[in-house]
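This report describes one protein model for a reader who is new to structures.

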Amino acid sequence: MPHRARPRIRRITAAGAVLAATMALVGGVKSGPAEAAVPPVHTQHVEYFPGPRSEPRQVTVPSDAPGRIVRRRSALAGTTPAVKAFQRTGPVSGRLDLVVMGDGYTEDEQGEFTADAEEKLDAIFGIEPYRSYRGLFNIWLVNTVSNESGVSGDPGADVVKDTALDSSFFCDGIERLLCVDTDEVAQYAGLAPDADIVFVVANSTKYGGAGYSAADLPMGSTFHGVATMSSDNDRSYLIGAHELGHSIGHLADEYQYTGYGTYPSAEEPATANLTIRRDLGATKWYRWLGAQDPSGSVVGTYEGGGYYEAGIYRPTETSIMRSLASTEFNVVGREAMIAGFYADADALTSSLPRSRPIGQGRPITVRLAPLSGLADLELTWYVDGRRVLSATGDLSVTPRELGVRGRGHKVTATVTDHTTAMRDPAIRAQAITSLTWTVR
Ligand SMILES: [Zn+2]
């Protein structure tokens, strides 16, 4: 996705934003301070998904009016929506925190939202490598309450609903483009203990969704991306799975547009799944060449990707980053996703502080993230760099039990993921987490 400057100047912070938005929307520019003015209209670049089995597309839409907004005050004003831990596997500092919020669910429909969110999450986490690495995620549900049930543009373009996040089909005239008010989303996301990625589940049976990358989100947002998807369509979960490919794996789109021609740069793309090097041995995924891929083809160099038709190559015929007809990442994508998981999360955590020395009899308790399938964790203990013990599960051990006698020694717990889904030694090295305590 091409880089764009952020046109927005208003800074969004959780509490301040609520106040600023409320003042701006209720009081207008006259009564509020200058910085609380209604944000200027700018454009947002979003990814849209024309059909349940089609290739996505990139479009630019105005930020101010996803649909025909009827609400003129922040839904957050005067209320504090409930935030629930749907899945908590570890501390927010050591996990990817996924925030899921509904739109078009009334007070009475919050149970339905929870059920719909669960269904989407189960579908997304049925795809590898999400499935094996689900234990690196915390999942938070935010109960956004809408005044009306359903969302704008469903079933017809003329339908207008008063909902918390202003979700709307027919965004910029495109039926299946499900836009959302990203300022509202940012405010609600700020209620969760942490937000790395946000999903908006819109209460609708109509197929649709959209993907917003970090560059298109309000300034000050801590999360990497927003994916919108309809609740009761059985293919819309693929939109979320694809978008996380961008925000977690930093993967490029593998699709192309007719008429875009040849890739215009002589510089190698930074993303893991596109290359300009046709020479097989020089491709960045040379370690996977010839492998039978879960997406159906053999890993090689397939021309076309990153919106261009020629001069650029992708690893497989298709994948979830090329078309939603595919429900699988290719092995190159999987490896990048796992690298992304470990960039934001750790498989090894401990609540015992490492900032001050510990006694020789003090138990050190460490926890391994509950991973499965592709993941293959090994916990190893070292004293002053010498390996003394290996384990495969949670462990509590004292320095003395590890053979430490005397002061100043260092005890280190290291977790390594021996998964065969990572072949690049540099990526494997980055996936290692070590925690070290000094013994007094
Ligand atoms: Zn995409």
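## Helix 4 and its start

At the start of helix 4, the backbone nitrogen of D183 has a side-chain oxygen of D181 within 2.9 Å. This is a polar contact, a pair of N or O atoms within 3.5 Å; within protein, one must be able to donate a hydrogen and the other to accept it, and residues adjacent in sequence count only if both atoms are side-chain atoms. The model is predicted: local features need pLDDT of at least 70, side-chain atom pairs count only at pLDDT 80 or more, and totals for chains, interfaces and linings use all residues. Residues are numbered from 1 along each chain as its sequence is written, and side-chain values use heavy atoms, with hydrogens and water left out.

Buried means under 20% relative accessible area, exposed means over 50%, and partly exposed lies in between (1.4 Å probe, protein chains only). Among the buried residues of helix 4 are D183, E184, Q187 and Y188.

## The whole chain

The protein chain has 7 helices and 17 strands. Both are DSSP runs numbered from the N terminus: helices are H or I with at least four residues, and strands are E with at least two. Of its 440 residues, 54% count as buried. The chain exposes about 17800 Å², and carbon and sulfur atoms supply 51% of that area. Accessible areas come from the Shrake-Rupley method with a 1.4 Å probe; for residues, only the protein chains shown count as cover.

Contact means heavy atoms within 4.5 Å. Of the contacts in the protein chain with a separation of 6 or more, 69% are between residues 24 or more positions apart.

E47 in strand 1 (residues 43-48) and D253 in the loop between helix 5 (237-247) and strand 9 (302-305) are 206 residues apart, and the pair links distant parts of the chain. E47 is buried at 0% relative accessibility, and D253 is buried at 1%.

## Strands and a buried threonine

Strand 16 (residues 410-417) pairs with strand 17 in the antiparallel sense over 6 bridges. Two strands pair if DSSP finds at least two bridges between them. In this pairing, K410 stands opposite T438. In a regular strand the side chains alternate between the two faces of the sheet. Strand 17 (residues 433-438) has T433, L435 and W437 on a covered face and S434, T436 and T438 on an uncovered one.

V411 is in strand 16 and is buried at 0% relative accessibility. Its contacts beyond four places in sequence include Y382, L435 and W437. The C-alpha atoms of V411 and Y382 are separated by 5.7 Å, although the two residues are 29 apart along the chain.

T228 lies in strand 8 (residues 225-230) and is buried, with a relative accessible area of 1%. A polar atom of the T228 side chain lies 2.8 Å from the backbone oxygen of L178. The T228 side chain also reaches the backbone nitrogen of A210 at 2.8 Å.

## Salt bridges

A search of the whole structure finds 8 salt bridges. A salt bridge is a side-chain nitrogen of Lys or Arg within 4 Å of a carboxyl oxygen of Asp or Glu.

| Pair | N to O distance |
|---|---|
| D122 and R134 | 3.3 Å |
| R131 and E128 | 3.7 Å |
| R387 and E378 | 3.1 Å |

D122 lies in helix 2 (residues 110-124) and R134 in the loop between helix 3 (130-133) and strand 5 (137-142), so the pair ties together parts that are 12 residues apart in sequence. D122 is partly exposed, with a relative accessible area of 43%. R131 is partly exposed at 48%, whereas E128 is buried at 12%.
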